[in-house]
Amino acid sequence: MASPAPGSQTHFRTCNLCEAICGLRIEVEGGRITSIRGDEEDPFSRGHICPKAVALKDLHEDPERLRQPMRRTAGGWEPVSWEEALDETARRLHELQSAQGRDAVAVYLGNPTVHNAGAMLFVPHFLRTLRTRNSYSATSVDQLPHLLASHLMFGHQLLVPIPDLDRTGYLLALGANPLASNGSIMTAPDVRARLRAIQQRGGRLVVVDPRRTETARIADEHLFIRPGTDALFLFALLHELLQRPKLERLAAFTDGLETVRELAREFTPERAAGPTGVPAESIRRIAREFAEAPSAVCYGRVGTSTQAFGGLCQWLINVINAVSGNLDREGGAMFTRPAFDTVGGPRALASSRGGFGRWKSRVRGLPEFTGELPVAALAEEILTPGQGQIRALLTFAGNPVLSTPNGGQLDKALASLDFMVSIDPYLNETTRHAHLILPPPTPLERSHYDVVLHVLAIRNTARYAPALFEPPPGAMHEWRILLELQHRVEVLRKGRSLRGRLKYEALKRLGPEGILDVGLRAGPYGMRARGLRKSLSLSALKRAPHGVDLGPLEPGLPQRLFTPDKRIQLAPTPFVEDVKRLREAFPEGTAPSADGALLLIGRRHLRDNNSWMHNVPMLMSGKPRCTLMMHPEDARALGLGEGDEAIVTSRVGQVSVPVNVTDEVMRGVVSLPHGYGHRREGVRQSEAEKHAGVSLNDLTDDQRLDALCGNAAFSGVPVRITRAAGP
C-alpha cells in the first residue's frame, strides 16, 4: 500500500451512497480530497469500492449544491436565514394543520434517509409531533413486500431473512441484480467476488429474470420469466419442495404448514409454465437442485417486489426457505444481530415492529403499513378536494417526481400545494416546487454510522466515522433541522413549557452520537455482552477506524421472533386470502396475451443511484444509458433498428427514446432505466440535464399496484411502441 504524500491526512470512513457500506481510505491535502480508495483493512468490504464511492469528492465539491436556505419568490430563488426559514416553515405547517386538520400536512421520505444516522434517529420524533396520517416514503416504491412478509411471519418488519452468501451452496435469485445494485436488502460489499466464491466452492448461482442482467451473465444458469408471473413460479417450486419438506428443525415453533401445502397443491409446474414462460421440466429440476444442495437460499428483490403480486412473492420466498430447511441455518436465509439493534434493542431506540391496515387512504382506501400510506396515493390525495386533502408537503432527501409511479401527475399535484418545504441539497424535479429549501451539509461533513444497513447485512460488523470536513459556518445538519422544526411546531401548538424546553435541550445535547452510544452500550455487544474483552460503545468504535468484525450470522430462532407466541407463521391470513386474486388473474391454462402490447420493466446501472447522482460528470461518462432495450424480433416487427427513436405510450404518459436492439431482454419485454428524465424547467443540475434521458415513471401507472399492500407495480407495465416521425 502506497504511503500518503507528505503533508496529507488519511481518513477512514464508510461509503454511504448505497447499501454495500464499503470502507474507504480518503487522502486529504490542503483541505481538498486527493484520493479515494477502498480500505483494505475493513473486515467487511476488504478494499472493494465501486465508481460511486470515488464520486464522493465530486458530490462534496459540486458548485450547484445548495449551501444556504432558499425561498422561491416571483422573481426567482433568494437566500434566507436559517432562523427565518425555520420559523416560516413551522408557522405554515402549524397554520394549515390548525385550519384544515393534521392530515392536511404530508411528509415524503426519500431513499437517502436510510443512509443518514441523524435522519433515522430524529425523523420519528418529528413525525410524532406532526401526527399526520399522510406519511409516505420510498418504502412503498420497492421494498414494502419484504417488510410486510417479515411483520406477518416473524413479528417485526425489520426481521428480514438475509442470504448467507459466504456459506451457501446454491443461490436462486429472482428479479435481483446485485452486480448493479451492490446488493439490496442484502448488504454485501464486493458482491461479485462473493458470488464467484459460491461457484468456486462447487455451488451454483441461478438467476430468474426477464432480462439477462449483469448478474445473470456470470450465473451458472439464467431463466427468462415473463414480468409479473414470479408468484406462479415460486408456487410451483414450493409445490415440488413440499413433496419432501425439511421443516423438522423449525417444526416445534412453526404454524401453517398444512395450509401452505393445500394452497400449493393446484400450482403445479405445468400450470406455471404457460404464463411464466419457464418450462415445467426446468421448474422441477431447479426444485430438485435446491432441495439436494447442502445449503441453499432463495432471494428476490426489486423485480419480485414491484409487481401486482409482490407481497405474495416475498411471502413465498420465505416459505420456500423454511420448508426446504434453509431458514435460520448456515448457508440459508438468516437473521442479523447488529450492534445498534433496531429490532431487539431498547424499546426507546428500536424501530416499530410494524402495523398493517390500521387505517386507509382517503381517496382509494389503500392500506397503511407502519404508519405510512402507499406513495402511489400521494398525488390523488393532493388533487382530490374534501376533508383531509393534503395542502402542504415536506420532502426529505427525495425526488418522487422521478421515482414514484405516474410522476407526471405528481408533478402537477405539487404545483397546486399551498405550501411545500424540502430538506434537500439540490434544486431538482421535485424541490423546484418547494416554497423553501433547507439544504444540509455534504455527506463528508457529517459523521456516519449505518443504523439500518447493518440490520440487512450478510455479516455482523460495526463501523463509525467522524466527519471528514467541518461544515461551513451556519450550516445545519439534517437531524438539527428536524429537531428545530419539531420544537417550533410544539411551541406553536402548546405554548412554551419547561418540559418542552428540557426535551429539546436534551435531544440537542445528545445528538445522533449520544443516541448511538446509548444504543451500542445497550445492544448485544454492549455492557451485557458475554465473551468480549471490552463492551462495544461509540468510543470503542472510534478507536477502531477500520470497523469491528462481530462474526458471521448465527441461528437465532425462536428467541429472535417477535410474534406474540414466539412462533413462525407460515400462513398469515392476508397472504392466504390474496392467493384467490392470483388464481383469478391466471386461471389454469392461461397463455400470454397477444393483444400487441409489450411489457415494460426497469433496470439500474452500477454508476446510477436512483435519480440523485446524475450531476456527477465522472459517473455520466461513456455511452448513453437511457435507452429502450428491445428484443430483435420485436424490433423487426415494429420496423425499428439500433438507435432509432421510438415513441413509448402507456395509459398515463408518452416518451420518446432511442432503441437498443438486444437479446438481453426476452421477447415481448422492453426495458428503460429508472431515475432519468432531467428535462423539466427550473432544475439546477447542469450535468444531469446533459444526460437528461426520459423518466420511466412518466409511463408507470399509479393505478397499477399490489392490491394487497399498495406497493407500486412498476414491472410489466403494458406499453405500445411506434417509430418516431422523422425530422
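Predicted model: local features only at pLDDT ≥ 70, side-chain atom pairs only at ≥ 80, totals over all residues.
D663 and R212 form a salt bridge, with 3.4 Å between the closest N and O atoms; the term refers to a side-chain nitrogen of Lys or Arg within 4 Å of a carboxyl oxygen of Asp or Glu. D663 sits in the loop between β28 (654–661) and β29 (669–673), and R212 in the loop between β10 (204–208) and α9 (214–218), so the pair ties together parts that are 451 residues apart in sequence. Helices (H or I, at least four residues) and strands (E, at least two) are DSSP runs, numbered from the N terminus. D663 is partly exposed at 45% relative accessibility, and R212 is also partly exposed, at 27%. Here, buried means under 20% relative accessible area, exposed means over 50%, and partly exposed lies in between (1.4 Å probe, protein chains only).

Residues are numbered from 1 along each chain as its sequence is written, and side-chain values use heavy atoms, with hydrogens and water left out.

By the salt-bridge rule, the count comes to 56. One of these joins D702 and R364, whose side chains meet at 4.0 Å, N to O. D702 lies in the loop between α24 (686–690) and β30 (717–723) and R364 in the loop between β15 (356–360) and β16 (367–369), so this pair ties together parts that are 338 residues apart in sequence. D702 is buried, with a relative accessible area of 3%, whereas R364 is partly exposed at 25%.

Another salt bridge links the side chains of E258 and R261 (3.4 Å, N to O). Both residues belong to helix α11 (residues 257–264), where they are 3 residues apart, about one turn of the helix. E258 is exposed at 51%, and R261 is partly exposed at 25%. Salt bridges also link E83, D87, R480, E484 and R488 in a network.

Finally, D42 is found in the loop between β3 (32–38) and α1 (51–54). With 5% relative accessibility, D42 counts as buried. Its side chain makes a polar contact with the side chain of R463 at 2.4 Å and reaches the backbone nitrogen of F44 at 2.7 Å. A polar contact is a pair of N or O atoms within 3.5 Å; within protein, one must be able to donate a hydrogen and the other to accept it, and residues adjacent in sequence count only if both atoms are side-chain atoms. Leaving aside neighbours within four places in sequence, D42 is in contact (heavy atoms within 4.5 Å) with G23, R463 and H546.
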